[in-house]
Amino acid sequence: MKRIGTRAKILSLVVAFFFLCTAVFGYDYLTGAATWVVHPNNEDLYTNGELRSSGRVETRDGTRLYTLSAEGSSYAEDLVLRRSTLHAVGDLDGNINTGVVKNYKAELIGYSLLNGTLNPSGEGNTITLTLDADTCIAAYNALGNLRGTVGIYNYETGEILCMISKPSFNPLAIPEDLTTNPYYDGVYINRLIGGVYAPGSIFKLIVTQAAIENIPDLADRTFLCEGGTEIDGEWVQCAGNHGEVDFAGALAHSCNAAFAQLSLELGGSLLGRYAAQAGVGETFEVQGVRTARGSFDVSEADDVDLAWAGIGQYNDLVCPIQQLIYMGAIANGGQAVTPYY
């Protein structure tokens, strides 16, 4: 009887281990199958390393941005549209981490857990982006030869209408000097999501929030601007000579002199707390991609440095889409909406 009991225990352990392995496999399958199926080693979908299936990416108005077929990949017919939407659509080699062709490949080809890659319709899916084709073209042209980004989104819904990042390139005719020409440095980075920049005067809105909530007589204050203001013997330059202005006038004219004085009164610690509340030092996800992290560090700043920091300079850095969300929250009555495309 002891032998039978021991065998029963061993069998129970084997059965339990079997069900545990089945559960682990089932979890891995549910969470990872979409990644497995589009791996380049899947010869049902790839020929010589190139995906051969079907699917389509288009703008909100149905303008074609990308088509996948048995013959290969093609992009928008309009060259400017092709370049301006590259960081949203993605390149063929998958170097752009915000591209839907890379991140939504399984959805593009019509994969499902039930049917696998054998979509009953025999066709892939159409992925519709929130982008507006004409707006993207206009923004791309407006940037000219500058390196930078343009982002426009609906602050109530989160829909990104324009997401331009320069430098860019034609994904069907990759420049021969892409890796050697300094102009193309960071070309694979979507600067709206993955870049950081000195914010400049838009940072004054964070200082404004801090001032409104911490200076009781703010509305009765006046500030003297003589083309700037002197702090510790150094001149903080302003873009205009605004004379004596109240706070509303200082904000309306983006007066450096007034905001330099406010920054010193509020102090670096308090401004740092409001910058953090605005998300300056945070990172978050947009379509599954982590944003770049900005910074507001005045730990070694003197009074002149702190004055410039409150004007959005010194060593301030923000991720463009973080500031876009902050501005959208102001427009949306204080409710921040995460962008998507």
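At 23% relative accessibility, Q287 counts as partly exposed, a label for residues between the buried ones (under 20% relative accessible area) and the exposed ones (over 50%), judged with a 1.4 Å probe and protein chains only. Q287 sits in the loop between β13 (285-286) and β14. Helices (H or I, at least four residues) and strands (E, at least two) are DSSP runs, numbered from the N terminus. Although Q287 is not a glycine, its phi is positive, about 55°.

Before going on, please note that this is a predicted model, in which local features need pLDDT of at least 70 and side-chain atom pairs count only at pLDDT 80 or more, while totals for chains, interfaces and linings use all residues. Residues are numbered from 1 along each chain as its sequence is written, and side-chain values use heavy atoms, with hydrogens and water left out.

## The whole protein

The protein has 13 helices and 14 strands. Of its 341 residues, 44% are buried. Accessible areas come from the Shrake-Rupley method with a 1.4 Å probe, and for residues only the protein chains shown count as cover.

Contacts tell us how the chain folds back on itself. A contact means heavy atoms within 4.5 Å. Among contacts between residues at least 6 apart in sequence, 61% join residues at least 24 apart.

## Helix α8 and a buried lysine

Which residues of α8 are buried? They are K204, I206, V207, T208, A210 and A211. Their cover includes α9 (247-252), α10 (256-266), α11 (268-277), α12 and α13 (320-331).

Leaving aside residues up to four places away in sequence, K204 touches S254, C255, N256, F259, G310 and I311. K204 is buried yet has no salt bridge, and the nearest side chain of opposite charge, D316, is 11 Å away. For charges, Lys and Arg count as positive and Asp and Glu as negative, while His and the chain ends are not counted.

S254, one of the residues that K204 touches, is found in the loop between α9 and α10. S254 has a positive phi of about 50° although it is not a glycine, and its relative accessibility of 26% makes it partly exposed.

## Salt bridges

Side chains of opposite charge can pair when their charged atoms come close. The term salt bridge is used here for a side-chain nitrogen of Lys or Arg within 4 Å of a carboxyl oxygen of Asp or Glu. How many salt bridges does a search of the whole structure find? It finds five. In one of them, the side chains of R60 and E159 meet at 3.7 Å, N to O. This pair links distant parts of the chain, 99 residues apart: R60 is in the loop between β3 (55-58) and β4 (64-69), and E159 in the loop between β7 (148-153) and β8 (160-166). R60 is partly exposed at 40%, whereas E159 is buried at 18%.

Another salt bridge joins E265 and R221 (2.7 Å, N to O). E265 lies in helix α10 and R221 in the loop between α8 and β9 (222-225), so the pair ties together parts that are 44 residues apart in sequence. R290 and E285 also meet in a salt bridge, at 3.8 Å, N to O. Salt bridges that share partners join D217, R221 and E265 into one network.

## Patches on the surface

Patches are made of residues with over 30% relative accessible area and no salt bridge; like charges are joined within 9 Å, and nonpolar side chains (Val, Leu, Ile, Met, Phe, Trp, Tyr) within 5 Å. The place of a charge is taken as NZ of Lys, CZ of Arg, CG of Asp or CD of Glu. A negative patch is formed by E230, D232, E234, D302 and D303. Within this group, D302 is found in the loop between β14 (289-290) and α12 (303-310).

A nonpolar patch consists of I10, L11, V14, V15, F18 and F19, with about 600 Å² of accessible area together. I10 belongs to helix α1 (residues 2-37) and is partly exposed at 48% relative accessibility.

## A cis peptide bond

Most residues other than glycine have a negative phi, and most peptide bonds are trans. A cis peptide bond joins K166 and P167, with omega about 10°. P167 lies in the loop between β8 and α7 (191-194).
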